Amino acid sequence: MTRLADKKILITGGSRGIGRACVAKMAAEGGTVAFVYQSNQQAADELAAQLTAAGHDVRALQADVRDSARVHELVNQLVDQWGRLDVLVNSAGIVRDGLLGAMTPEQWADVIETNLGGTYNFCHAVVQQMMYQRAGSIVNLSSTAAEFASRGQANYAASKGAIDGLTRALAKELAPRKIRVNAVAPGMIETDMSAAVRGLAADQITKAIPLKRIGQPEEIANVVAFLASEEASYLTGQVIRVDGGISLGGY
Amino acid sequence: MPTKDEIFEKIQVALVDALGVDEDEVTPEATLVGDLGAESIDFLDIVFRLEKSFSISIPRGELFPEDILTNAQYIKDGKLTEAGLAEVRKRMPFADLTEFSKNPAVQDFGNLLTVADMCRFVETKLQNAA
């Protein structure tokens, strides 16, 4: 399928985990992709080289998503080169787990500034171009942790809950300009980020998931690609849970 | 420095694009909200377009001081206080506030700004930049 043919796509947090799967999926769907990484240049370069060798148009760009000036510079340069920007995927995110009573101000701030602040910075930077072109799709990465409690993740849950609110508010603001804004809330996915939690309680988690398995990053990327595409043309302001059914609750 | 006519023409294009109105509706006397139907997102769009077409930088809130109009400090019984009016005058020296000042109801503010005000605003910006 090439449902993202000719689309110019920017993805944050692209060198690892779900962001990396989004880069691969959206390039395979025909999109021209620039992805942002913070520190892992080797992984980023390898991914870009691998996808370029496969005939896709993919490039890696370094930025700290917390740095508003750098984010605006990066987006402006891309818009200059591409002449447009069709899709933004905010996937950069971190965890710094700890019980709130023992959580340092740094643990709190790192997570809020990266997950929520980074999402704000990129949305703010792309809005002008998307309004100008009267088209665009923004997909934010939320988490089931926004709605369903897990110990030791007050900072992460707060950042993701805020992203849900941002998604809905921005969707309403930008709908008159034909820009759609949605979020995907993954459940337990096999990434480096969730490795610690999975290591602690793998069996328990798997049992609680109606589909009886941990999800793969590609299964999130499939939904992100759908939301970014014209197939989702009537869909905005939604947070789509992709979690193997764990949020269904009940028995 | 573009002439007054050139400024008006560019503003006309920006408003036609941002608001989806017809060119002949964009007269100097037309008010942005009342006559041309602008909403808050439109002001942002207009600012983006003016920045691009005139290569100027417009601080957010300068063309339409939404932050003052929603600040409880400056509003009493739905009207701007003297302090609020002073803030608006400072922010928008290009706008004629004489009529509005007589009964400064916040909800009427949008009807104040005309296309001619916007031309004066851009002219001032260009002069300051030159």
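This is a predicted model: local features need pLDDT of at least 70, side-chain atom pairs count only at pLDDT 80 or more; totals for chains, interfaces and linings use all residues.
Residues are numbered from 1 along each chain as its sequence is written, and chains are lettered from A and ligands numbered from 1 in the order in which they are written.

**View 1. Helix 1 (residues 4-19) of chain B packs with helix 2 (residues 40-54) of chain B.** The angle is about 140°, and the axes lie 9 Å apart. Axes are lines fitted to C-alpha atoms, for helices over the stretch in contact, and angles run from 0 to 180 degrees between N-to-C directions. Helices are DSSP runs (H or I, at least four residues), as are strands (E, at least two), numbered from the N terminus. Among the residues that meet are Leu15(B) and Leu19(B) in helix 1 of chain B and Ile46(B) and Leu50(B) in helix 2 of chain B. Contact requires C-beta atoms, placed from the backbone, within 7 Å. This contact has seven nonpolar, one polar and five charged residues. Ala, Val, Leu, Ile, Met, Phe, Trp, Tyr, Cys and Pro count as nonpolar, Asp, Glu, Lys and Arg as charged, and the others, Gly among them, as polar.

**View 2. Helix 4 (residues 105-133) of chain A packs with helix 5 (residues 154-174) of chain A.** Their axes are 8 Å apart, at an angle of about 15°. That makes the two helices of chain A roughly parallel. By class, the contact divides into 12 nonpolar, five polar and one charged.

**View 3. Domain 1 of chain B touches domain 2 of chain B.** An automatic or database domain assignment sets the bounds: 1-57 + 113-130 for domain 1 of chain B, and 65-112 for domain 2 of chain B. Their C-alpha centres lie 21 Å apart. Nine residues of domain 1 contact six residues of domain 2. Helix 6 (residues 115-129) of chain B gives the largest share of the domain 1 side, four residues. That side divides into three nonpolar, four polar and two charged residues.

Terms used. Two residues are in contact if their C-beta atoms, placed from the backbone, lie within 7 Å. Angles under 35 degrees count as roughly parallel, over 145 as roughly antiparallel, 65 to 115 as roughly perpendicular and the rest as oblique.
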